[in-house]
Amino acid sequence: MTTPNADDIRAILREHGRLSGDASALSDDSDLYQAGMTSHASVNVMLALEGKFDVEFPDRMLKRSVFESIAAIRSAIEELQRG
Amino acid sequence: MADPDLLARADRVAAIAATYAAEVDRDARFPKEAIAALKAERLLGAAAAVEDGGLGLGMGDLVEIGRRLGQACASTAMIYAMHQIQLACLVRHGRTVPFFQAYLRELCKEQLLVASVTSEVGTGGDLRSSRCAVEVEGDVLKLRKEATTISYGEHADALLVTCRREPAAPASDQVLVLLRKGEFTLERTSSWDTLGMRGTCSPGFVMTGHGKAEQVLPSPFADIAARTMVPYSHILWSGTWLGNATDAVNRARTFVRAAARQTPGTVPPGALRVAEVAALLQIMRAQVLEVAEECDRLMTAGDDALSTVGFALKMNNLKITASQQVTQICGLALGICGMAGYKTDSKFSIGRHLRDAHSAALMISNDRIYQTNASLMLVHKDA
């Protein structure tokens, strides 16, 4: 099981988030949607996160607030990995 | 169940809309009589809070009014729907801000009509991306937008405009700006001579506006779109299409009934097709009501519930299927009425219904929505 760290999440955002700026400049609490992530890009981010961390986001987690920042994503993955 | 007084008010407006529907369609003119009636019945404040002078209606009631108007005149119904969508954005995302609360009170008191400026040259019809940006200097803002279409823009008291947050912002980092009469000018860039929905008067314009910095809604448009504009649009539009389909079926039923009276004892051949189209209409109505009720439930539960992938798929599916059903149902109604339906000057004419119905699949193209759904389906788990 890969423990989620902010750098891994940043790397996924860099590759799939279609952010307007550099993902490394994002703080853990930066609003990803304001940083240019569209809802279409967020689907690709979700898929990449599911692949990387070997989790499945249940439907109840598929909402904006779960993917709005690196910190929110990390805590969602941690919750799923705890089972 | 909606308040009978409310429905009576909607029906009075619908009666006026029906009187002028053919003329509005023929001349592609604004349905000024019906909109004046909406104002006289105080229905332009339908989605606003009661404390602000509105009616505080939820989705179910808003849909029912739109459906009744849609039975009379699809253009009037769509103008009503678009206005309530803008109003809902202001109510749900601006009401806690003194400037917007004051505006909402003025809107209800004066029964002001708000138009939407989301389309833009060069964005390929993508609601969630803008080229133009609001420029704020001190407490003053200015904004210029080349819109491919602004429905009833020349008749509106205010515009709600999407744009980028600032000149350096990415295309998807958008905000909504309210511009009131006197704060914007419109320079028409195209015509509006269309197959249907002719009364919405929706040509392209270059819009130039200025105002105060406080006229920018504080929430990101991404949030407003997901939680309000898209749900209200898909559901209220579908409600107006349901009205159009209902009237087409009513005409077909009246036509067949008249034939049956000529030959008591034998069921006219068209009666079979009426039975068929009535079943389709029932399915369409059930879909619209189900999603409207779920939306009301989710809004009570809290806004985050509206932003789930599951609900997004459901709303998108409603828009796609309702837009297909309305054309299918109007087409069947034409078949039943035959030449009487094909004539434009007969009381069984289905021409306007059918022409108006064809706009449904195009306003936000169904293929674009299917593309979004295809991608959402990759992460959505429930069947």
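## A tour of chain B and its contacts

Select residues 184-188 of chain B: this is strand β6, joined to β7(B) by 5 bridges in an antiparallel run. Strands here are DSSP E runs of at least two residues, and helices are H or I runs of at least four, numbered from the N terminus. Two strands pair if DSSP finds at least two bridges between them. The model is predicted: local features need pLDDT of at least 70, side-chain atom pairs count only at pLDDT 80 or more, and totals for chains, interfaces and linings use all residues. Residues are numbered from 1 along each chain as its sequence is written, while chains are lettered from A and ligands numbered from 1 in the order in which they are written.

**Along β7**

Pick B:Glu187; its bridge partner in β7(B) is B:Val206. Click B:Val140 to find B:Lys212 opposite, in β7(B).

**The open sheet**

Next, show β1, β4 and β5 of chain B. They form an open sheet of 3 strands in the order β1-β4-β5, with mixed pairing. β1 (114-117) and β5 (174-180) are the edge strands; each has a single partner strand, so one side of each lacks a neighbour in the sheet. On average, neighbouring strands of this sheet are turned by 25° against each other, direction ignored.

Zoom in on β1 and β4 (residues 158-164): they run parallel, joined by 4 bridges. B:Val117 has B:Val161 as its bridge partner in β4(B).

Now bring in α4(B). This helix lies across β1, β4 and β5 of chain B, at about 85° to β1(B). Axes are lines fitted to C-alpha atoms, for helices over the stretch in contact; angles run from 0 to 180 degrees between N-to-C directions.

**The domains**

Colour chain B by domain: domain 1 (4-112), domain 2 (115-215) and domain 3 (221-377). The bounds come from an automatic or database domain assignment. Between domains 1 and 3 of chain B, 22 residues of domain 1 are in contact with 23 residues of domain 3. Contact means C-beta atoms, placed from the backbone, within 7 Å. On the domain 1 side, α3 (59-72) and α4 (74-94) of chain B each supply at least two residues. The centres of these two domains are 20 Å apart, taken over C-alpha atoms.

**Across to chain A**

Finally, show both chains. Their contact takes 17 residues from chain A and 20 residues from chain B.

Note on methods
Contact = placed C-beta atoms within 7 Å.
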